[in-house]
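The following note sets out points for discussion on the model shown below. Please read each point alongside the coordinates.

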Amino acid sequence: MSGMALIWAANVKGLKPAAKIVLIQLADFHNKETGQCNPRAQRLADECEMGRATLFRHMTTLEQCGLVTRHARGDGDGGRGSNQYELHLDITLGPSSRPKGGTGGPNGVESQNETGGNV
């Protein structure tokens, strides 16, 4: 668990509640030492108390906002392993939080530095 990732996820603005739950649960799986985050989809769905299809729908939203990148992994025997998730800890504002007519980054998400200034 990475306390920094949990704080980041809790402070992301502009997400619907269910998508935020997924983001917070992903952050809870984040390893601060390695930067890896690779829970099994079923485990993540169970932790979020939602079905896998619902989980994947919210994961797509998080990817479109630029908060998370999903990387498929193999299991070493030619099958699929659990995905690895890259959390973009530098992005703090979701799409509905940007100012009207603002100059948000990709997918309408603004990135801020530690002092709250736009980057």
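1. Buried denotes under 20% relative accessible area, exposed over 50%, and partly exposed in between (1.4 Å probe, protein chains only).

2. This is a predicted model, in which local features need pLDDT of at least 70 and side-chain atom pairs count only at pLDDT 80 or more, while totals for chains, interfaces and linings use all residues. Residues are numbered from 1 along each chain as its sequence is written, and side-chain values use heavy atoms, with hydrogens and water left out.

3. Helix 4 contains 13 residues and reaches 18 Å from its first C-alpha to its last, close to the 18 Å expected at 1.5 Å a residue; the expected span is 1.5 Å times one less than the number of residues. Its buried residues are Leu55, His58, Met59 and Leu62. Viewed down the axis of helix 4, these buried residues fall within an arc of 110 degrees, so they line one face of the helix. The arc is taken from the directions from the helix axis to the C-beta atoms. On the face turned away from the buried side of helix 4 are the exposed residues Ala53 and Arg57.

4. Glu49 lies in the loop between helix 3 (41-48) and helix 4 (52-64). The phi of Glu49 is near 55 degrees, a positive value in a residue other than glycine. Glu49 counts as exposed, at 75% relative accessibility. Following helix 4 is Gly66, whose phi is also positive, near 85 degrees.

5. Which residues does Leu26 contact, leaving aside its neighbours within four places in sequence? They are Cys37, Pro39, Leu44, Met59, Leu62, Val68, Tyr85 and Leu87, where contact means heavy atoms within 4.5 Å. Leu26 belongs to helix 2 (residues 17-29) and is buried, with a relative accessible area of 0%. Leu26 and Val68 are 42 residues apart along the chain, and their C-alpha atoms are separated by 9.3 Å.

6. On the cysteines, Cys37 is buried at 0% relative accessibility, and Cys65 is buried with a relative accessible area of 6%. Taking a disulfide as a pair of cysteine sulfur atoms within 2.5 Å, the count of disulfides is zero.

Key:
Helix = DSSP H or I, 4+ residues; strand = E, 2+ residues; numbered from the N terminus.
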